[in-house]
Structure formats: structure tokens, C-alpha cells
Amino acid sequence: MASSFVDSIIQSMSSGLVSRLSTTLGEPTSNIETGLSTAIRAISASVATRANDPEAMGHIHSMALDPENDLSLPGRTEGMLSRLTSGSGGNTSWDFIQSLLLGNRMSNMSDSLASYAGVSSATAKSLFAMAMPLVMSYLGKMIRTDHLDTSGLSNRLDAQRGSILARLPGDV
């Protein structure tokens, strides 16, 4: 059994997704897998550290429930991967949540992820861009399945914050 929602997200990553990212980004599969797993942990840690901020939790809860952000629907992951790898327009809601969670730390976090995973800085940014919707989509699934309101989501994230932060590499 997964010890946190983060482990569940990482365990649900398909080898096909990692392989396609590896091919598209021109990086070794093992480095992409390490980088994407670490990016998921970093995004999740950022979400968990906002658990006691009601305004942030309101935004996160709303975005996680938005059907446009549900990657479990057919074609959503492929569409996201295509936009990510083609460099075409991003999703403004993802840009907003990334700004809310990471603020001006994105560049430093990308550089740290690149060093940790052995990928380029551009690839690290792409991995964060891929991790963000994976985390938010999973939170949406968790909210719907467990019927969590904003307070329930906050409590769940707060309860897992320590284990999430403990498994995040120091520099990322």
C-alpha cells in the first residue's frame, strides 16, 4: 500500500508515458523517471505546505475538481503530452497554480532537479510542467472519491506533509 498520495501518483505513472517523454526530450528513460518522480514530490510538497492557507486550498480544490483538469478522461494525458512536447500554448490555469505553489522558486527548483536527475534545465522545466497536472488530477480524484471539501483536503494534506517532505531530495 502506498504511504502517501504522492506514492500513489508515482506508482500510477505508466512506463509508456516515461518512455515517450524520454524520446521526446532526448534524455535517458531512467533520468526521466527519476526527474518526473522528484518533480511530483516537489509539487506535492508545495501543495502540502499550503494546507493551512484557506485561500490557496480553495484555489487548489477548485482546480483539482475542474473537469478540464481531469487527466483520467480519454485523451487528456496525450493532449497534455503533445502540448508539452510541441511547445504550444500552455494551460493558463496550470500557470496560475504553478505561480501559486512555486512562485519565483521555479528557476532554482528546475536547476536543482536538473542536477539531481541528470537532465538539462529545459527538461527539468518540462518535467515540472508534466508533474503539475498529474498531481492536481490525482487530488481531484481523491476529492471526488473521498468526498472531501476544502477543509477535508487541507486536513489530508496536512496529515501527509511530514512524510512528503521527508522523501523530497534536499536541493529540490
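Tutor: Let us begin with burial: of the 172 residues in the protein, buried residues make up 48%. Buried means under 20% relative accessible area, exposed over 50%, and partly exposed in between, with a 1.4 Å probe and protein chains only. This is a predicted model, in which local features need pLDDT of at least 70, side-chain atom pairs count only at pLDDT 80 or more, and totals for chains, interfaces and linings use all residues. Residues are numbered from 1 along each chain as its sequence is written, and side-chain values use heavy atoms, with hydrogens and water left out.

Student: How many helices and strands are there in the protein?

Tutor: Helices (H or I, at least four residues) and strands (E, at least two) are DSSP runs, numbered from the N terminus. The protein has nine helices and zero strands, and its pattern along the sequence is α-α-α-α-α-α-α-α-α.

Student: What share of contacts in the protein join residues at least 24 apart?

Tutor: Contact means heavy atoms within 4.5 Å. Among contacts between residues at least 6 apart in sequence, 75% join residues at least 24 apart.

Student: At what angle do helix H1 and H3 pack?

Tutor: Axes are lines fitted to C-alpha atoms, for helices over the stretch in contact, and angles run from 0 to 180 degrees between N-to-C directions. Angles under 35 degrees count as roughly parallel, over 145 as roughly antiparallel, 65 to 115 as roughly perpendicular and the rest as oblique. Helix H1 (residues 5-12) and H3 pack at about 150°, their axes being 10 Å apart; H1 and H3 are therefore roughly antiparallel to each other.

Student: Which residues make this contact of H1 and H3?

Tutor: From H1 come Phe5, Val6, Asp7, Ile9 and Ile10, and from H3 come Ser37, Ile40, Arg41 and Ser44. For classes, Ala, Val, Leu, Ile, Met, Phe, Trp, Tyr, Cys and Pro count as nonpolar, Asp, Glu, Lys and Arg as charged, and the others, Gly among them, as polar. The contact of H1 with H3 has five nonpolar, two polar and two charged residues.

Student: How do helix H2 and helix H8 pack?

Tutor: Helix H2 (residues 15-25) and helix H8 (residues 121-146) have axes 11 Å apart and an angle of about 150°, which makes H2 roughly antiparallel to H8. Leu17, Leu21 and Leu25 in H2 meet Thr123, Ser126, Leu127, Met130 and Leu134 in H8. By class, the contact of H2 with H8 divides into six nonpolar, two polar and no charged residues.

Student: Is Thr123 buried or exposed?

Tutor: Thr123, which lies in helix H8, is buried because its relative accessible area is 3%. A polar contact is a pair of N or O atoms within 3.5 Å; within protein, one must be able to donate a hydrogen and the other to accept it, and residues adjacent in sequence count only if both atoms are side-chain atoms. The side chain of Thr123 makes such a polar contact with the side chain of Glu27 (3.0 Å). Leaving aside neighbours within four places in sequence, Thr123 is in contact with Leu25, Glu27 and Ile32.

Student: Where is Thr38 placed, and which residues does Thr38 touch?

Tutor: Thr38 is in helix H3 (residues 29-49) and counts as buried, at 5% relative accessibility. Its side chain reaches the backbone oxygen of Thr34 at 2.8 Å. Not counting residues up to four places away in sequence, Thr38 touches Leu113, Tyr116, Leu168, Pro169 and Val172.
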